[in-house]
Amino acid sequence: MMTKTHISVGCAVGLAVAKALGMHPGPEYITAIAIGSMLPDIDHPGSKINRKILPRSKKIDKMAVYTIMAIVAGYLYLKNSNMGFALYTIPLFLMIAFSKHRGITHSILGSGIFIFSIYSISNELGRGILAIPFALGYLMHIVSDMLTSAGVQLFYPAKKRIKFLFRFKTNSTFEKVLMYIATAVSIYMGLQCIF
Ligand SMILES: [Zn+2]
């Protein structure tokens with residue numbers, strides 16, 4: 001599924017939840033949804049997020065770069081025990097380094113690791129509440145991918161790919177329609193939260 005569809009679906013659901021909870025979502029709330037909506041695809045070396053991080057869109061680059069990040073995070077933690085958040089990032093970086101597309105980062109296990117880490121980091125920065133929009137974006141990404149033919153390894157390490165009975169192809173007309181509807185709902189919900 002296209003990144004923009006993931007972001008628009010994440011925003012539609014995230015803003016609807018904000019409205020239901022009586023929250024007033026600001027730019028950082030929307031940013032947290034957008035990051036959560038994109039992050040599961042960090043398992044793909046050619047994904048939008050990795051094109052900004054990796055030197056080349058190759059599996060070996062992904063493995064090397066994220067393993068180095070895990071080592072640096074571990075080194076920082078050992079050197080300065082105040083940097084507790086470095087510890088939360090080690091399992092994340094290792095998970096990304098060795099992940100296959102639509103595997104662990106698209107599973108219940110991977111979501112738990114990511115959401116816990118993001119909650120721990122944002123909580124240390126005094127913004128633990130941002131874990132909610134992040135989690136909504138992240139989980140909606142997985143649900144949306146289950147609408148496509150490839151499905152996701154929801155119960156990783158089980159290999160079976162889980163998908164809905166109703167499915168469509170990436171970049172198909174149906175996906176575009178879904179994106180436009182989700183964008184319209186996002187705008188409507190955004191306005192509802194403001195006024
Ligand atoms: Zn995905």
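In what order do the elements of the chain run from the N terminus on? They run α-α-α-α-α-α-α-α. This is a predicted model. The chain holds eight helices and zero strands. Its radius of gyration is 17 Å, close to the 16 Å that the globule rule gives for 195 residues, so the chain is as compact as a globular protein of that length.

**Overall build**

- The C-alpha trace spans about 50 × 35 × 30 Å along its principal axes.
- Buried residues make up 35% of the 195 in the chain.
- Take the contacts with a separation of 6 or more: 61% of them join residues 24 or more positions apart.

**The nonpolar core**

- The largest nonpolar core has 35 residues.
- A12, I33 and F134 have the most contacts inside this core.
- Seven helices are named as suppliers of at least two core residues each: α1, α2, α4 (59-79), α5 (84-97), α6 (108-124), α7 and α8 (173-194).

- Helix α2 covers residues 27-38, twelve residues in total.
- From first C-alpha to last, α2 reaches 17 Å, close to the expected 16 Å.
- Y29, I30, A32, I33, A34, G36, S37 and M38 are the buried residues of α2.
- Their cover includes α1 (3-20), α3 (48-53) and α7 (131-145).
- I33 is one of the buried residues of α2 and one of the core residues with the most contacts.
- Beyond its neighbours within four places in sequence, I33 touches G10, C11 and G14, and also P133, L136 and G137.

**Helix α8**

- The 22 residues of α8 should span 32 Å at 1.5 Å a residue, and the end C-alpha atoms are 32 Å apart, which agrees.
- A182, S186 and M189 are buried in α8.
- Seen down the axis of α8, the buried residues fall within an arc of 80°, so they line one face of the helix.
- An α-helix has 3.6 residues a turn, so residues three or four places apart point the same way.
- The face of α8 turned away from the buried side carries exposed T173, V177, Y180, A184, L191 and I194.
- Helix α1 is among the elements that cover the buried residues of α8.
- K176 is also found in α8.
- K176 counts as partly exposed because 13 other C-beta atoms lie within 10 Å, while a residue needs 20 or more to be buried and 12 or fewer to be exposed.
- K176 and A18 sit 158 residues apart in sequence, with their C-alpha atoms 25 Å apart in space.

**The loop between α3 and α4**

- P55 lies in this loop.
- P55 is exposed, because 8 other C-beta atoms lie within 10 Å and the limit for exposed is 12 or fewer.
- P55 and V65 are ten residues apart in sequence and 8.9 Å apart in space, C-alpha to C-alpha.

**Transmembrane annotation**

- An unreviewed UniProt entry lists residues 60-77, 104-122, 128-156 and 177-194 under "transmembrane region".
- In the model, residues 60-77 are 100% helix and 0% strand, with end C-alpha atoms 26 Å apart.
- Residues 128-156 are 52% helix and 0% strand, and their end C-alpha atoms lie 27 Å apart.

Methods. Residues are numbered from 1 along each chain as its sequence is written. This is a predicted model: local features need pLDDT of at least 70, side-chain atom pairs count only at pLDDT 80 or more; totals for chains, interfaces and linings use all residues. Helices (H or I, at least four residues) and strands (E, at least two) are DSSP runs, numbered from the N terminus. The expected span of a helix is 1.5 Å times one less than its number of residues. Two residues are in contact if their C-beta atoms, placed from the backbone, lie within 7 Å. The radius of gyration is taken over C-alpha atoms; the globule rule is 2.2 Å times the number of residues to the power 0.38. A nonpolar core is a set of buried Ala, Val, Leu, Ile, Met, Phe, Trp, Tyr and Cys residues joined through C-beta atoms within 7 Å. UniProt positions are given in the numbering used here, feature names are shortened, and annotations may be inferred rather than shown by experiment. The arc is that of the directions from the helix axis to the C-beta atoms.
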